[in-house]
Amino acid sequence: MWKAVQRRGWWLLAWCLLTALGSLALARLELAQLRDAFETDARIAHRLLSQRAVQHDAVLAMLALVQPASAAGLSAAPEQRLASVYPQILGVQHRAPNASWPDAALAAAEERSRRSHQVVLASAHLAQGHFQLLLAADPNSYALRIDARSMVPWSEWPMVADSSPVRLMLEQAGQEFVVQPGRIGDGGWRFEFHKHLATDSQPFDVAALRQVGWNELPWTWMLAWAVAMAALLLAVRALQRQRNQRRRAEELLRLGQVARLNTLGELAAGMAHELNQPLTAMLANTQAASRLLDEDPPELSTARSAMAQAVEQARRASSVVGRLRRAVERPDLAGPLQPVNLQDAVHDALYLLEPECTRREVRPSVLSSLPNISVLAEPVALEQIVHNLLMNALQALEQLPPAERQLTLSITADPQHGRLTVQDSGPGIPPEVLPRIFEPFFSTRHGGLGLGLNLCESLASGMGGTLEASNVAPHGAALRLSLPLAP
């Protein structure tokens with residue numbers, strides 16, 4: 001039973017391991033796909049925002065290039081034109097010659113722009129969602145006020161801003177403008193993306209963040225994988241069971257053949273005893289018939305009666321010989337004694353008889369005083385003894401209700417012998433039968449040959465051991481096999 005529990009435990013462990021490895025691979029694949037999709041969307045968003053940022057530089061360069069010769073016509077014309085084409089431009093300012101900027105930040109930005117000859121960031125208020133760019137030129141310098149939200153090209157945006165789990169921001173010097181809020185929770189896996197806009201005039205970082213929760217893992221595929229692994233292992237186990245059943249049947253057939261071969265001596269002795277009586281009677285009858293025929297006149301009727309009796313005895317002898325021929329197929333194959341682990345022999349026999357125990361609803365229990373007890377025995381003979389003792393116990397237990405069936409195998413040892421006790425909770429051995437339990441051809445079971453226990457006792461004696469039988473209280477029988485310990 002313990003071995004069966006161990007086997008089921010190993011199968012369960014294999015299923016858990018395969019399920020865990022497959023689920024881990026599926027989760028990693030899903031996370032890799034989510035990361036690829038996240039990075040692809042983030043790069044597209046970065047490219048679109050960079051295009052708008054470069055566009056701002058181009059607008060300022062255009063204003064500086066096409067500015068009118070006099071400042072008189074520059075009051076409102078640029079704003080009217082640019083607002084309709086570029087909705088992100090909230091306003092356009094310019095500084096005419098000999099004039100000054102109303103904001104000191106714009107004046108400082110113009111100085112930086114003249115030194116670098118490039119568009120510069122005059123001021124940034126990302127929390128309010130706007131910033132200013134400036135380009136120094138002659139005779140007029142220009143500044144643009146940009147709306148950060150209108151700067152996003154929503155028609156080309158790769159994500160749905162309201163429902164996308166990706167949080168995307170523009171960051172600069174500790175300030176940030178949230179382009180889309182996303183969904184950021186606790187736990188799970190976090191993907192991040194940071195990249196500077198493709199222009200130095202707008203030193204903003206595009207920062208994207210994606211939080212993958214446990215609920216986004218492919219649980220359906222994981223469950224399908226677990227079911228598939230369970231089906232696969234069940235199929236493998238079924239095939240293994242079929243193979244084990246085939247091996248068990250072959251082993252039982254081999255044991256049956258060995259049993260028949262080992263009973264040759266017992267059969268020969270018993271058959272010789274049975275043949276002796278009919279042969280003696282045949283000899284007496286034929287001799288009597290011969291004398292009766294030699295008399296003058298011959299006593300034919302009495303001679304015929306004697307011959308009829310001789311014929312009957314011949315038929316009886318023929319029947320005995322037929323039984324002998326049916327029971328024996330080939331000569332005995334006895335082997336030398338060698339160390340044999342008694343526990344292994346018991347477990348092997350229980351394994352072979354596992355279907356019989358299951359069919360009779362019997363769960364054998366094995367008790368051992370030591371982890372390893374080796375005895376001197378012939379392996380096949382020991383296997384045959386244990387097999388016969390277990391079969392007798394199982395047949396005795398058939399007379400009880402399933403709930404009362406108990407079969408206990410105890411393995412003990414003393415300084416010189418190893419012992420196996422097979423005890424059942426059956427009806428026990430009747431007192432008048434107990435003294436004859438090991439006699440050849442004595443059986444209380446209908447159809448029994450009466451050679452099983454006799455063979456076991458003979459095999460045990462041939463290996464230097466003993467086999468004893470007794471009743472146990474309150475009911476049941478116990479057979480004790482004792483064999484010499486291996487040195």
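Colleague: Why is Arg95 called buried?
Modeller: Its relative accessible area is 12%, and buried means under 20%, exposed over 50% and partly exposed in between, with a 1.4 Å probe and protein chains only. Arg95 therefore counts as buried. This is a predicted model, in which local features need pLDDT of at least 70 and side-chain atom pairs count only at pLDDT 80 or more, while totals for chains, interfaces and linings use all residues. Residues are numbered from 1 along each chain as its sequence is written, and side-chain values use heavy atoms, with hydrogens and water left out.

Colleague: What makes Arg95 and Glu110 a salt bridge?
Modeller: The closest N and O atoms of the two are 2.9 Å apart. The term requires a side-chain nitrogen of Lys or Arg within 4 Å of a carboxyl oxygen of Asp or Glu, so the pair qualifies. Arg95 lies in strand S1 (residues 89-95) and Glu110 in helix H3 (residues 104-116), so the bridge ties together parts that are 15 residues apart in sequence. Helices (H or I, at least four residues) and strands (E, at least two) are DSSP runs, numbered from the N terminus. Glu110 has a relative accessible area of 6% and is therefore buried.

Colleague: Which residues are linked with Arg95 in a network of salt bridges?
Modeller: The network consists of Arg95, Glu110, Arg114 and Asp138. Arg114 and Asp138 meet at 3.4 Å, N to O. That pair links distant parts of the chain, with Arg114 in helix H3 and Asp138 in the loop between strand S3 (130-135) and strand S4 (141-147), 24 residues apart. Arg114, at 29% relative accessible area, is partly exposed, whereas Asp138, at 59%, is exposed.

Colleague: How many salt bridges does the structure hold?
Modeller: There are 11. Another one of them joins Glu356 and Arg360 at 2.5 Å, N to O. Glu356 is partly exposed at 25%, and Arg360 is buried at 7%.

Colleague: Why is the pair Phe38 and Phe191 called tilted?
Modeller: Rings of Phe, Tyr and Trp (its six-membered ring) pair if their centres lie within 6.5 Å; planes under 30 degrees apart count as stacked, over 60 as edge-to-face and the rest as tilted. By this rule the structure has four aromatic pairs. In the pair Phe38 and Phe191 the ring centres are 6.1 Å apart and the planes stand at 45 degrees, so the pair is tilted. Phe38 is in helix H1 and Phe191 in strand S7 (residues 189-196), 153 residues apart. Both Phe38 and Phe191 are buried.

Colleague: What span is expected of helix H9?
Modeller: The expected span of a helix is 1.5 Å times one less than its number of residues. Helix H9 (residues 379-397) reaches 27 Å from its first C-alpha to its last, close to the 27 Å expected.

Colleague: Where does Ala20 lie, and how far is Ala226 from it in space?
Modeller: Ala20 is found in helix H1. Ala20 and Ala226 are 8.5 Å apart, C-alpha to C-alpha, and 206 residues apart in sequence. With a relative accessible area of 44%, Ala20 is partly exposed.
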